[in-house]
Amino acid sequence: MLLEAVYHRPKQNWAYAYDHETLHIRLRTKRDDVQKVEILFGDKFIPFENNMQTKPMERFTQDAMFDYWQAEVIPPFRRLCYGFILNSGKQKVWMTEKGFFDQPPTEHLGLFEFPFLNPIDVFTPPSWVKDAVFYQIFPERFANGDPSNDPANVLPWGGKPEYHNFFGGDLQGVIDHLDYLTDLGINAIYFTPIFEATTNHKYDTRDYLKVDPHFGTNETLKELVNACHERGIRVLLDAVFNHSGATFPPFVDVLEKGHTSKYADWFHVREFPLRTVNHIPTFDTFAFTDQMPKLNTENPEVKEYLLKVAKYWVEEVGIDGWRLDVANEVDHHFWREFREVVKAANPEAYILGEVFHDSIMWLQGDQFDAVMNYPFQGTLLDFFARNTMDGASFASSLNSQLARYPQQANEVAFNLLDSHDTQRLLTLCEGDKRKMKLAVLFQLTFPGTPCIYYGDEIGMDGSYDPDCRKCMEWDESKQDRELFRFYQRLISLRKENKLLRSGGFRFLHAKKDDNRLVYERWDNDERIMIVINNNKRSSSISVSVQTGLASSEQWTDVLTGETVRSVNGKLKVKLPPFGYQILRNQLSMAKI
């Protein structure tokens, strides 16, 4: 038993409250090194010999190096002291906060502790997010519904996108096409910025309290939000609070007056006057873009202004949450206050941060509900689009990600495959829609909240920005309607099956030098198994379906309705190149 690989610490993703009654306790061991792990637990205020219990821990996932074990415990008095018992062959080790021992502990002192389950500390993301399928809209390129508000230099719809050109997309255009979105099946929209700015992307905000005139008015936005809510669609807006635009009035004042400006401390200025020297501004910016000066969110006046903005659009217009641009570069103190203000305005608001790396420090229940899941995106693209990863590496990467965060964070993670900042999915798949479909299938059947980038569902392609920001194609004769129906059917499948949104997940087949995958989702009533052949050749795969779940031998192909039977606990599936099959099985005596 390699004790150096064993890891646990209280709090974060290792010991947390899943709800107001239940604690999740996790432990890490070397992969395939420990046969059994038990948790030893009790209440530190009850005599040790009278109250300590043991419970087996489940190996809930594993990656290339480690096994991850988890136990659910409901402490009757909301506090817990605990240790672990590790078994490997004839070796048995007790682990406490003091270290490893070959004899069991005899007192509470020295055990790990979860001091008290305080309800206010429970990380509780909005429940609706687990059921959401998001659709990302870049407003300037989705639809032109009101030509009267077009920019003076607007180009005909469908032209070649460039960094600085305009095609007249607006909020009325979204209103006009809500029936299309409802038909697709989405029930949430994420808009890139819509507030007044000079660019087509609007990440250079001039006025945070005003809808850009080329998009409409504040009243147009309110009409759009109301129309979405009537259709059961939630609305997420983009908050650019890390930086403003160069036309933001306080920044203009600092440009003009330098250190004497009353707004001088609204920004991070290293040297006056403000200027750019050898491509480096004398003030902090987003990247080195002098048109996007970084806001000083430690300044009380800046904080007051931005929190007013956050509250205004939730209360006055009724938006359902915020996506936070460059969220990892803003101080944690600001985000804690931001959460308090937004949740006071709407406790069910969704707070989503743009963070590209490990985000555990933002996912403790005091800042964000979720982050944009770029590690998920990278893993899926490596496997399905770039073919640089085999099944074993793919499973290892995703399992490691699942172990990284509390379960409730994984359930609402924002799982995207492309966006306005990346190449489009179809382009990444080199135009092969079979590959694209496999990636989308996995996205829509994996834990977390999927997001579709506008136009992917009808076969739009595009390389890096600005090419990925093409005008939406509304001519049905130029749309891939078969691909649209594929998206439509999978979205419907996800919405109709709760286990695809909140059930258990595990890989059944993911091997080295093998691009075939088998994984399953389950709850107490049924299990759904997905078989994927990410190969250019046809392939047959035999899968063991006896994994501790009491199942019938009869499986149903979800898409065709055909019956498939397992024989002696094995299910044989034959798939064409880049083919897949989705199978459902009713549990006779569910035992998870």
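How far is the sulfur of Cys-471 from the closest cysteine sulfur? The separation is 13 Å, to Cys-468, which is too far for a bond. A disulfide is defined here as a pair of cysteine sulfur atoms within 2.5 Å, and a search of the whole structure returned zero of them. Cys-468 is buried, with a relative accessible area of 0%, and Cys-471 likewise counts as buried at 9% (buried denotes under 20% relative accessible area, exposed over 50% and partly exposed in between, with a 1.4 Å probe and protein chains only).

The structure is a predicted model, in which local features need pLDDT of at least 70 and side-chain atom pairs count only at pLDDT 80 or more, whereas totals for chains, interfaces and linings use all residues. Residues are numbered from 1 along each chain as its sequence is written, and side-chain values use heavy atoms, with hydrogens and water left out.

The protein chain contains 14 helices and 31 strands, taken as DSSP runs numbered from the N terminus (helices: H or I, at least four residues; strands: E, at least two). Its C-alpha trace spans about 75 × 60 × 45 Å along the principal axes. The radius of gyration, taken over C-alpha atoms, is compared with a globule rule of 2.2 Å times the number of residues to the power 0.38. For 592 residues a compact globule would have a value near 25 Å, and the 26 Å of the protein chain agrees.

Of the 592 residues, 58% count as buried. Among contacts (heavy atoms within 4.5 Å) with a separation of 6 or more, 69% involve residues 24 or more positions apart.
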